[in-house]
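Please look through the model shown below before reading on.

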Amino acid sequence: MGLDFTVILKNWDYFLWGRTFQGETGGLLLTVLMALAAGCLSLALGIGLALASWLGPRPLRAVLTFLADLVRSVPLVLVIFWIYFLVPALFKTKVPGALSVILALAWFSSGAVLHATLAGLEALPRGHREAGIASGLTDGQVFTAILLPQAARNLVPSYVALFASMIKDTSLAFILNVPELTMTASQVNTRAQIYPAEIFLFTAAVYFVLCQGLSWAAHGLAVRLQPGQML
Amino acid sequence: MNLPIDWSGVLTGPPLHWLLSGLAVTLAISLAASGIATVVAVLLSALRLSPLPPVRLATLGLISLIRNTPLLIQLLVWYFVGFGLLPQGLKAWMTGDHPWSVLPGQVSLFAPEFAASAWGVGLFIGVFLSEELQAGLNAVAPGQREAAASQGLGGWHTLTAILLPQALRNAYQPVVGQYLNLMKLTSVTCSIGLAEITYQARQIESFNSHAFEAFAAATVLYLAIGFILERLLLARRKA
């Protein structure tokens with residue numbers, strides 16, 4: 001099978017940023033922006049929930065982890081549709097497709113952030129918390145000054161890995177016709193008709209470079225952040 | 001908030017029929033993809049233990065390729081490219097008429113959408129399964145392998161009769177998690193036109209605008225399948 005990648009060369013700018021300069025952000029640029037937005041939201045939400053279940057009473061923790069697991073037992077595709085169709089019905093405002101996907105991803109991934117953060121905190125020796133409290137620090141101060149910086153060693157790599165899977169999940173925006181990378185690829189495929197192999201293999205390669213790069217970064221961070229290593 | 005909820009828009013007439021056929025397709029695709037995923041996972045585990053470095057390297061390359069690209073892109077590749085690469089005779093046979101292979105909702109088990117979905121989801125989860133099995137294999141004592149070799153077992157039998165059963169026991173929970181994940185991920189196949197539950201919920205939405213009821217019904221179906229599947233798979237462990 002002969003591959004002819006001129007279709008990529010002719011459309012490379014469309015793959016990278018779609019119709020951004022015509023006023024509609026798209027392509028790889030939109031993919032990265034959506035992943036960043038959803039990543040920040042789910043980090044804030046997930047760490048907040050982890051804090052609440054770490055510091056709050058025991059039952060709260062059980063309730064929160066149960067809810068996080070429940071959220072993840074529904075397919076992400078359905079969560080995207082829920083937000084896209086339901087928010088307008090409830091609040092009488094139209095939600096742009098990209099925003100629906102960002103909210104769905106944040107909602108879906110904050111459970112994973114909650115689990116990762118709790119695991120990172122639990123890996124710390126109990127004595128650290130007790131020593132902090134014995135030194136007269138409040139629970140909140142113990143958390144931010146003693147526990148979080150240490151837990152960060154384990155947490156930063158897992159957050160980076162979660163971000164890589166977030167980039168892959170943004171491709172689901174395709175189902176709402178959001179013009180991110182997968183949708184732009186599909187548009188180019190419809191226009192060009194006879195080059196599906198070149199177009200989709202190129203798109204896969206772009207995702208691969210991004211995600212493999214992130215997973216190497218996560219691995220490198222995990223090694224460098226170990227105790228005794230220079231930062 | 002003003003949501004006129006009317007379940008009859010979903011639980012009667014054609015919408016009910018669509019949902020039920022979507023359920024049948026989701027179950028069928030989950031079953032087919034699980035079979036493929038299991039075979040892929042065992043083969044990958046074997047290839048990873050190959051004495052030939054190039055084989056091991058190629059296996060690891062394939063694994064990171066599948067892990068680091070979105071499932072949706074893989075489905076598009078199998079659907080638009082992979083199917084075209086099949087021999088002409090096989091393609092003609094697959095798109096031909098096979099009344100015995102037709103699921104409710106006019107979905108044929110050999111239609112390109114079904115075949116690409118089963119293969120795509122199966123391969124994707126197979127790779128993740130092999131990663132879980134690898135973690136389980138790492139916990140198996142090295143003496144097990146040596147003992148099997150000294151009994152005269154070959155590489156394949158050592159793997160399938162001695163190592164994998166123990167790896168499966170070590171990694172049972174994550175392995176079950178991957179099969180549950182597979183069932184949920186079949187929802188992505190609606191984007192290449194497979195008429196499973198999610199596809200049918202969308203069809204109901206565009207048919208009578210009962211978005212809330214349609215997606216609620218779909219959600220309940222996924223939760224129920226997941227719940228039953230988890231009970232079945234975890235109960236087997238206790239037995």
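What pattern does chain B follow when read along the sequence? Chain B runs α-α-α-α-α-β-β-α-α-α-α-α-α, which comes to 11 helices and 2 strands. Helices (H or I, at least four residues) and strands (E, at least two) are DSSP runs here, numbered from the N terminus. This is a predicted model, in which local features need pLDDT of at least 70 and side-chain atom pairs count only at pLDDT 80 or more, while totals for chains, interfaces and linings use all residues. Residues are numbered from 1 along each chain as its sequence is written, and chains are lettered from A and ligands numbered from 1 in the order in which they are written.

Along the principal axes, the C-alpha atoms of chain B fill a box of roughly 70 × 45 × 35 Å. Chain B has 239 residues, of which 40% count as buried. A residue is buried if 20 or more other C-beta atoms lie within 10 Å of its own, exposed if 12 or fewer, and partly exposed in between, with C-beta atoms placed from the backbone. Two residues are in contact if their C-beta atoms, placed in that way, lie within 7 Å. Among contacts in chain B between residues at least 6 apart in sequence, 78% join residues at least 24 apart.

One helix pair in chain B is α2 (residues 13-48) with α10 (residues 197-208), whose axes come within 8 Å and cross at roughly 165°. Axes are lines fitted to C-alpha atoms, for helices over the stretch in contact, and angles run from 0 to 180 degrees between N-to-C directions. The angle makes α2(B) roughly antiparallel to α10(B); angles over 145 degrees count as roughly antiparallel, under 35 as roughly parallel, 65 to 115 as roughly perpendicular and the rest as oblique. The crossing of α2(B) with α10(B) is right-handed, meaning that the near helix is turned clockwise from the far one by less than a right angle, and left-handed would be anticlockwise. Among the residues that meet are W18(B), L19(B) and L23(B) in α2(B), and Y199(B), I204(B) and F207(B) in α10(B). By class, this contact of α2(B) with α10(B) has 8 nonpolar, 6 polar and no charged residues. Ala, Val, Leu, Ile, Met, Phe, Trp, Tyr, Cys and Pro count as nonpolar, Asp, Glu, Lys and Arg as charged, and the others, Gly among them, as polar.

Past the end of α10(B) comes S209(B), in the loop between α10 and α11 (211-238) of chain B. S209(B) is not a glycine, yet its phi is positive, at about 60°. With 13 other C-beta atoms within 10 Å, S209(B) is partly exposed.

A second pair in chain B is α6 (residues 112-138) with α9, packed at an angle of about 165° with their axes 10 Å apart. α6(B) and α9(B) are therefore roughly antiparallel, and their crossing is right-handed. Residues making the contact include V121(B), F128(B) and E132(B) of α6(B), and P174(B), Q178(B) and L185(B) of α9(B). The classes in the contact of α6(B) with α9(B) are 8 nonpolar, 2 polar and 1 charged. G177(B) also lies in α9(B), which spans residues 172-185. G177(B) counts as partly exposed, with 16 C-beta neighbours inside 10 Å. Its C-alpha atom is separated by 9.8 Å from that of L233(B), 56 residues apart along the chain.

In chain A, helices α1 (residues 6-17) and α2 (residues 27-55) pack at about 20°, their axes 1 Å apart. α1(A) and α2(A) are therefore roughly parallel. Further along, N177(A) is in the loop between α7 (139-169) and α8 of chain A. The phi of N177(A), a residue other than glycine, is positive and near 60°.
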